[in-house]
Number of protein chains: 2
Amino acid sequence: MGRNDDGDIIEHHVEEEMEKKGPRSHAAPSSLQESGSPSDRGGPGSGTQSSHRLLAYSDALLSIIATVMILPVAHTKVHDDEELRESVQLLLTTKIAVYLMTFLIVTVAWAAHIRLFQVIVRIDDCLALLNLACMMLITFLPYTFSLMATFPDNILGILLFCGCVMVNGVIQSVIVLYAFSRPFLLNEQIQISENQTFYKNHILKVIMRVPIMCFFASIASLIVFQLSYALLAIIIFLPYISQSLKWCRNKAIGQVEETPDSMMFYTYLPNEPLSKDRVEAFSDGVYAIVATLLILDICEDNVPDPTVVEKEFGGNLVFALQVYGPEYLAYFGSFATVGLLWFVHHSLFLHVTKATRFMGLLNTFSLAFVGGLPLAYQLTHEFPRNSQNELEAIQISCVIIFFAGIFQLAIWVVALYNEQETLHPYVRYGGREHVFMLAKLALYPCVALVTFFLTCILSKFSTSIFHLMEITVPVAFLVLRLLVRVGLALLRLIFCPDRPDLRRVVEEEDETRVPFNPLVT
Amino acid sequence: MGRNDDGDIIEHHVEEEMEKKGPRSHAAPSSLQESGSPSDRGGPGSGTQSSHRLLAYSDALLSIIATVMILPVAHTKVHDDEELRESVQLLLTTKIAVYLMTFLIVTVAWAAHIRLFQVIVRIDDCLALLNLACMMLITFLPYTFSLMATFPDNILGILLFCGCVMVNGVIQSVIVLYAFSRPFLLNEQIQISENQTFYKNHILKVIMRVPIMCFFASIASLIVFQLSYALLAIIIFLPYISQSLKWCRNKAIGQVEETPDSMMFYTYLPNEPLSKDRVEAFSDGVYAIVATLLILDICEDNVPDPTVVEKEFGGNLVFALQVYGPEYLAYFGSFATVGLLWFVHHSLFLHVTKATRFMGLLNTFSLAFVGGLPLAYQLTHEFPRNSQNELEAIQISCVIIFFAGIFQLAIWVVALYNEQETLHPYVRYGGREHVFMLAKLALYPCVALVTFFLTCILSKFSTSIFHLMEITVPVAFLVLRLLVRVGLALLRLIFCPDRPDLRRVVEEEDETRVPFNPLVT
C-alpha cells in the first residue's frame, strides 16, 4: 500500500462525495424498484461502505468463540460410579474456570470492538481485512487459556496469550491510524471536531493500555510466573471491577458529576452508550450456539453402529435408540430453556431504549450462565434414577437457570434506576406493561428456586418434579398474560375489595397510570 | 388460551392504536434522550413487536444447523496408511450426502420461513413461542438424516423425518391462522386487501403441501420404503429444480409474462423477492460457524496430557505442541480462506440491491461448499509430506475453494442479467466498480484453478505451492485495487496506445461510463 494507493482512495472518496449530489439523482428511477433501502446501509459506491454487516459478522464470530470452551466441560466423562461431587470439583478447578475466563476475555474484547467501531462508522476493504485479522487472533485466545489451565507452571500459555493480545493491539492501532488518515470513515462527532489529533492520541492510548500490560506480564512471566497471572487477572477484570465500583459508588453517594476525563477513561466518545444492536446481536449468537450445542453432539455421537444394533438389539433400531432417550430429552429440555430465556431477553430488550455499560455487564453474566445450561441438562439425564448424582445434577441445573434468570432480572432492575433514560415509557415503574414484564423476568428464577427446594424436600421425586417444570414453563409463558391478569385481580380483590371504582378504572384500561403499584409494592 | 385471552389481545391492540395518537405525544420529551430509534423497530408497547430480532435469531439457529453435519465428516478418522481415495469413497457415500441433504433441507425450510415472515411482519409473544417450537423441530432434522444414512433399510429415520415435518407444518398453519385472526400482524399489502380469506387459504395450501407429501411418504415407507426416498427427494429438490428450470426457460425463450397464479406457486406475495437482509444474516451465520469449526476441535482435542508431555517430551511443552503444528496451520488457513470468502460475499452483497430466488439458490450452493472447507484444510495437513494422500487432499481443497468461489461469481453473473433490478448503478456492466468487483470475485476461483494445475504438474512441491497460495491471497486482496488499476493500464497500453485522450478520460474518472469494456470483453 504505497502512496499511490493512498491518493487513490482519497480521490475515490472525493468522487463519491461529488456523486452523492450528481448521478444519484439519475439513479433514482431504478431505486424505486429496490426492495430494501440501500441508502441507509451506506452508499455501496467506491471505497467506503457501511460497517453494519462487518459488525454483525464479528458479533457472530465472537459469540461462538465466547461459548466454545463449554464444549470441553460438557464432554468430560462422568462415570456413574463416581460421586458427582468429586468430578464437579475437578471440573470447577480447571475447565469451568477456563470457560469463564474465555467468556469474560472475549466479552472484554467485544466491548473494545464496539468502542472502536463507534468511532469508525464507515469501513473500506482495507479495514474489513484488518478486522478479520483481529478476529483471527481473538478466536485463538481460548486455546491459550486451555494451555494455561492444563500447564499452570509453564509460561508458554501466558506468552502465547500476551503475544496474541499485543499483535491484536498493534493491528487495532493500525486500524485507528488508517481511519484517522481518512476522516470520512469516522464518527461525525469526531469528523467535525477540531481536536482530531487529541481524539486519535486518546484512543491509541486506551487501545495500547492492555497490550502494554501484556508486555509487562510476559516479561514478568520470565522472572516470576505467578506475578504474570496476577497481571492477567487485573487486565481481564479491571473493566468489570471499575464499572461495578463506579456504579456502587454512584448509588451510595448519588450521581457524581463526572469530569470528561474520567468518563473517557474507558470510552472514546463521551456519553456514548453500549450499542444496543450489538448487545442484541452478540446475545442472539450466544443463545443460538448454546441452544444447538447438544444437537451437535447428538448428531455425531448418538447414531448407533449398525453391527451393534444387529448383535445386541436383534436389528431393532427403536430398542437401540431407546438407550439414547435421556440425550434426546436433555436436548429438548435445554433447547426449550435456552429458547425461553432468549424470549425473555428479547422481550426485555424490546423495552430497553439504551443499554448502559453496567447493563451490558449483567447481560454478560447472564449469558455466561446460559452457556452452562446444556451441560447441566446433559448431567441431569445421565445418571441412574434416584441416585445422589442425579439429584445433585438437577440441583445444579436449577442453580444455573436461577442465575441466568436473576441476572436478566437484574438488568431490568438496573434499567429501572435510570428509567427515564433506559426504558420505554410503557414499562416504566407504574406503566401498563410493567407488571407483565416483571412476571416474565421473574418466572424462571422463581420456578428454578421452587424446583430446587422441592427437590431438597422430596428428593425421591426430584426427576418427576424437574420434568414437570420442563413441561409447565413453556405453557406458563404462553398463558402468562392471562395469569398476570388473574393474579392482579385477585390481589385487588384481597386488598381493596371495597373500591370498585378503582377496579373499573383498571378494567377500562385507560391511559392513566394503572393503580396497582400500591398493591404490588 | 380461551376466548378471554383473545379478546384481551385485540383489546390491547385497539388500545395501542389509540395510544399512538394519545400518550406518545407526552412521551416525546423523553424520547429525545433515547439513542436508538425505537419507533422503526416496532412500538414496544403492548402485544405486538417488530419481528426483526426473532428473524435474526432464527437465521442464527438455522445457519448453525445447516452446517452442523460437516462435523461427523470432519471427525472421520483417516489413517495414514489407507489410500485417501478409499476413505473419500466412504465419506462421499454417506456422511457428505447427509451433510448436503441437511444443508439443502435446512435452506428449503429457511426459504419457507422467509416467505412466512414476509406475510407476517409483526409478532407477539404467542407467535414468538410458536416460532421457537418450529425451530426446535427443524434442528432435529439433521439427526433423522443421520439415521437414514446409517440404516437405509430401516424406515424409522423416514418416519421421524416425516413426523417432524408434519408437526412443523401444523405449527406453521397455526401461526398463519393466528396471524390472520389478528390482521394488524400482517403485511400491509394483505392488511388492506379485500381478499384476506383467499390469501389465507393460498398460504395454508402452500404450507401444507410439503407435510401432505411427507404423510404420503410415510405411508409409502410402510409398504415399499424405496418409494418414500423418491418422494423425499422430490420434496427436497422440487423448489430447486423448478427454479432452475424456470430460469433456464426464461433465458432460452425470453422472459415470459407470468400469470399471477404461476408466480404464486412458491410465493405468497406476488413480486416479493428474497429478503436481502435475511440472506446476509444466514450467510454470516454459516461463514462464522465454519470459520470457527476448527478452533472448536483444537481447543478440545489439541491440549496435550501433562503426563504424556512429562514422559515423552521431557516436560518440554513446545516440543509437545509441535506435534499439533499442522492443526494450527490448518486452522489459520481455513479461517483466512473462509474470512476472505466472506469478505468477497460482503462486497458482492453491498452492490446487490435485490436478491432474486435464483441468486439465493446459487448462494446456497456456494455456502454448501464453504462448509466443506475446514475439512479439506484439515486433510491437507494431516498426511506425511509428499505422499499421494497429501497431494489429493490439497487438490480436493482447491476444488472446494474453486466451487465456493465460482458460485459466488455465478451470483454476480446472474445479477448482471437483470442488472437494472438487482445491481447498484456503480457496478453494472461498464460501471466504475465493475472490473474491480469482477477481480474480487474471480480471484479465488483463478487462484484455486492455478494451484490445482500447478500441483498436478509439480506434484513434488504441492505443499509449498499450497502454502504460498495461503499467504499470497490475503495480500492480493489488500492490494487488489492497485493491481486492477495496473492491469487495466497495461491492457490499455497494449491494445490502444495511440489513444491518449481515452486514457486521460479514464484517469480523470469522470462519471461517464469508463471505456474499458471493449478491452475486457
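Helix axes are taken here as lines fitted to C-alpha atoms, for helices over the stretch in contact, and the angles between their N-to-C directions run from 0 to 180 degrees. The structure is a predicted model, in which local features need pLDDT of at least 70 and side-chain atom pairs count only at pLDDT 80 or more, whereas totals for chains, interfaces and linings use all residues. Residues are numbered from 1 along each chain as its sequence is written, chains are lettered from A and ligands numbered from 1 in the order in which they are written, and side-chain values use heavy atoms, with hydrogens and water left out.

In chain A, helix α15 (residues 325-351) packs with helix α17 (residues 388-417) at an angle of about 5 degrees, the two axes being 11 Å apart; helices are DSSP runs of H or I with at least four residues, numbered from the N terminus. This angle makes α15(A) roughly parallel to α17(A), a term that applies to angles under 35 degrees. On the α15(A) side, the contact (heavy atoms within 4.5 Å) is made by Thr337(A), Leu341(A), Val344(A), His345(A), Leu348(A) and Phe349(A), and these face Ile401(A), Ala404(A), Gly405(A), Gln408(A), Ile411(A) and Trp412(A) of α17(A). By class, the contact comprises eight nonpolar, four polar and no charged residues, where Ala, Val, Leu, Ile, Met, Phe, Trp, Tyr, Cys and Pro count as nonpolar, Asp, Glu, Lys and Arg as charged, and the others, Gly among them, as polar.

In chain B, the 27 residues of helix α15 (residues 325-351) should span 39 Å at 1.5 Å a residue, and the end C-alpha atoms are 40 Å apart, which agrees; the expected span is 1.5 Å times one less than the number of residues. Helix α15(B) is mostly covered, with 22 of its 27 residues buried, that is, under 20% relative accessible area with a 1.4 Å probe and protein chains only. Ile411(B), which lies in helix α17 (residues 388-417) of chain B, counts as buried at 0% relative accessibility. Leaving aside residues up to four places away in sequence, Ile411(B) touches Leu348(B), Met359(B), Leu362(B) and Asn363(B).

Further along chain A, Glu470(A) of helix α20 (residues 462-478) is buried, with a relative accessible area of 17%, and touches Leu329(A), Gly333(A), Tyr377(A) and His381(A), again not counting residues up to four places away in sequence. The buried residues of α21(A) are Leu480(A), Arg481(A), Val484(A), Leu488(A) and Arg492(A). They cover an arc of only 110 degrees around the axis, which puts them on the same side of α21(A), the arc being that of the directions from the helix axis to the C-beta atoms.

Note on methods
Buried means under 20% relative accessible area, exposed over 50%, partly exposed in between (1.4 Å probe, protein chains only). Helices (H or I, at least four residues) and strands (E, at least two) are DSSP runs, numbered from the N terminus. Angles under 35 degrees count as roughly parallel, over 145 as roughly antiparallel, 65 to 115 as roughly perpendicular and the rest as oblique.
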